[in-house]
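Subject: Structure handover, cavities and pockets

Hello,

Please find the structure below, handed over for your own work.

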Amino acid sequence: MRRLWLVLLLAAAPLAAQQPKPAPPIRFEEISEKAGARLLHHTRTFHGKSADVLGMFTSGGASVAVGDFDGDGDDDLFVTDSDAGKPCHLLRNEFRPTGKLAFTEVTKEAGVEGGNDPKSIVADALWLDADNDGRPDLLVARFGTPILYHNLGNGKFKDVSKEAGLTKFGNTIAAIAFDYDNDGRVDLLLGNYFPPVNLIDLPTPHVLPNNLDQATNGGGVTLWRNVTEPGSGKIRFVEVTEKAGLARHTGWTLDLGHGDLNNDGWQDLYIADDYGTDRLFLNNGDGTFRDATQSSLGGLDTKKGMNAEIVDYDNDGWLDVYVTNITDEYMKECNMLWHNNGDGTFTDLSKETGTCNTLWGWAAKFGDFDDDGWQDLFAVDGLRSASKENYIPVLLEMIITPNIDFTDVNNWPAIGKMSWSGYQRKKLFRNLGTQAFKEMAAEAGVDNDLDGRGIALADFDDDGRLDIYQTNANQNSLLYHNVSASGGHWIELKLIGTKSNRDAIGARATLKAGGGQMIREVNGGNGYAGQSTTRLHFGLGKTTAVDSLEIRWPGGKIEKVTVPIDKVTTIKEGAGVVP
């Protein structure tokens, strides 16, 4: 009998070995060239002794913003470039008229190619409906003064920066739109990296951080309140940074995130600083914020904050915060996954969940890529990929030099053709729903080794699967089409505000199904160098019915609605589901 079992086992072994492996739960296909969305980014070229050092410090400007600029229901793309004279790119999504996932460049016709003039560097972009007319306007953030393009509704835009009051110089690298005072108009928060000096015409060489861990000479943030009068036809912003309690923040801001962190109906802020501690500001509900960094996060950090993503990753009804830092051959910082404890405090669970290490981290975004009801995490990394020669040993020689003045750009060693934390593989963490993640970028087909910067998530072809657009410094962008075969059910919501701001930024949807609960909030640009779709995406797994869906609009009004599954549904404040 034992011999028979052995024969059967040996006979079965080759058959087992020949069985195809099950398809990975998450899978992407890179289609940027085929879809007409592959764009080469160029960092700014500087001249003189410190040219390559300044070039490195300004190499973060490869960004992407998702928004439906022409109102046809498809999410379009705006992709930045950064070198002098290079145009940015507006790509119109052609899916609905053609049935194919393809993009057409319409930049010149739209009039939004500008920004990279001789003394300004494009660094970020953001769609926002500044005047609530149903047409998203476009903000181009720069090392310089910002540009605000007003959407005229005929495929064309007009530069209204000056009349809108956005003329203040700042080295802006991050921007979010959110309604901090719940007055029905989206406001602007700009994150500034360098202090406000023109980097191309330097008045002084002392423009770099005064401390590599606790710098206090950065650009901080500026808050702009939207005071546009309805029906006036003129967009207006006024600066309220000091009045709002944000002027004392002087870190080297790299990213901004907003969300209702304490469930009180007001949008709070997380500021990720490259040099200088990150900051968490809670909204007082009276037009001001209070610094809760010490009490909520347990103290100040010395890490290199690069990304601020705000989601409820564990479906407990409280928004959490994910920050990328640098975990490299000479900096072993570890990322921070700030788990919201629901009592005003947060606990970093990055090590416990397996999301600690994304190397030289840049953007990181959560999205339910396999529609199983748990939000997964995609993160890009890599600073500069060039020759085999490594800049880090050269840099360390400067760092250990006694009494070195870090602020003086002339004291930093030339980079030349050396690599600096380059050729790093991207990370995709699948959420296992057990306070743990599994890294599977190679299986999913997204483990490229480019110098990543921005990420935007959107369902570009309305198939219920989130796609990924990745920007890269001095390299081509990538479009990852989600071809996962998991077959999970899904719901996508497009919210339209009436009393609230038109894009419903800050609105929260709470969905109950299959014995569980999920929340999603509409955000206005969270995550480094990438604005994702404003649609809210819920994966449902095998669940075929929704028990309840509740929308809490900015300002507090709550509506309960019924929506179909496996569909994109539009919900209008006060009117419910609309065609």
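The largest pocket holds about 720 Å³ of space. Bear in mind that this is a predicted model.

**Largest pocket**

A total of 39 residues line the largest pocket, and those nearest its centre are Asp68, Gly71, Gly73, Lys494 and Arg502. Two or more lining residues come from each of strand 2 (64-67), strand 6 (121-128), strand 29 (489-496) and strand 36 (568-572). Strand 36 gives the largest share of this lining, with 3 residues. Sorted by class, the lining of the largest pocket has 12 nonpolar, 16 polar and 11 charged residues.

**Second largest pocket**

In the second largest pocket there is about 370 Å³ of space. Its lining is made of 25 residues, and Phe57, Asp274, Tyr275, Trp360 and Trp420 are the closest to the centre. The elements that supply two or more residues to this lining are helix 2 (51-57), strand 15 (268-275) and helix 8 (392-399). By class, the second largest pocket is lined by 19 nonpolar, 3 polar and 3 charged residues.

The largest cavity contains about 420 Å³ of space. There are 26 residues in its lining, with Val311, Phe366, Gln375, Glu521 and Asn523 nearest the centre. Strand 14 (252-259), strand 18 (309-311), strand 22 (361-367), strand 31 (516-521) and strand 33 (536-541) are the elements that each give two or more residues to the lining of the largest cavity. That lining comprises 9 nonpolar, 10 polar and 7 charged residues.

The second largest cavity has about 60 Å³ of space. Around the second largest cavity are Asn182, Gly265, Gln267, Ile505, Gly506, Arg552, Trp553, Pro554, Gly555 and Gly556. By class, these lining residues are 3 nonpolar, 6 polar and 1 charged.

**For quick reference**

| Space | Volume | Lining by class |
|---|---|---|
| Largest pocket | about 720 Å³ | 12 nonpolar, 16 polar, 11 charged |
| Second largest pocket | about 370 Å³ | 19 nonpolar, 3 polar, 3 charged |
| Largest cavity | about 420 Å³ | 9 nonpolar, 10 polar, 7 charged |
| Second largest cavity | about 60 Å³ | 3 nonpolar, 6 polar, 1 charged |

Regards

Conventions. Residues numbered from 1 in each chain as written. Predicted model: local features only at pLDDT ≥ 70, side-chain atom pairs only at ≥ 80, totals over all residues. Heavy atoms only, no water. 1 Å grid on protein atoms, 1.4 Å probe; cavity = no way out; pocket = protein on both sides within 12 Å on 5 of 7 lines; lining within 4 Å. Points joined across faces, edges and corners; volume = space filled by probe spheres on them. Helix = DSSP H or I, 4+ residues; strand = E, 2+ residues; numbered from the N terminus. Nonpolar A, V, L, I, M, F, W, Y, C, P; charged D, E, K, R; others polar.
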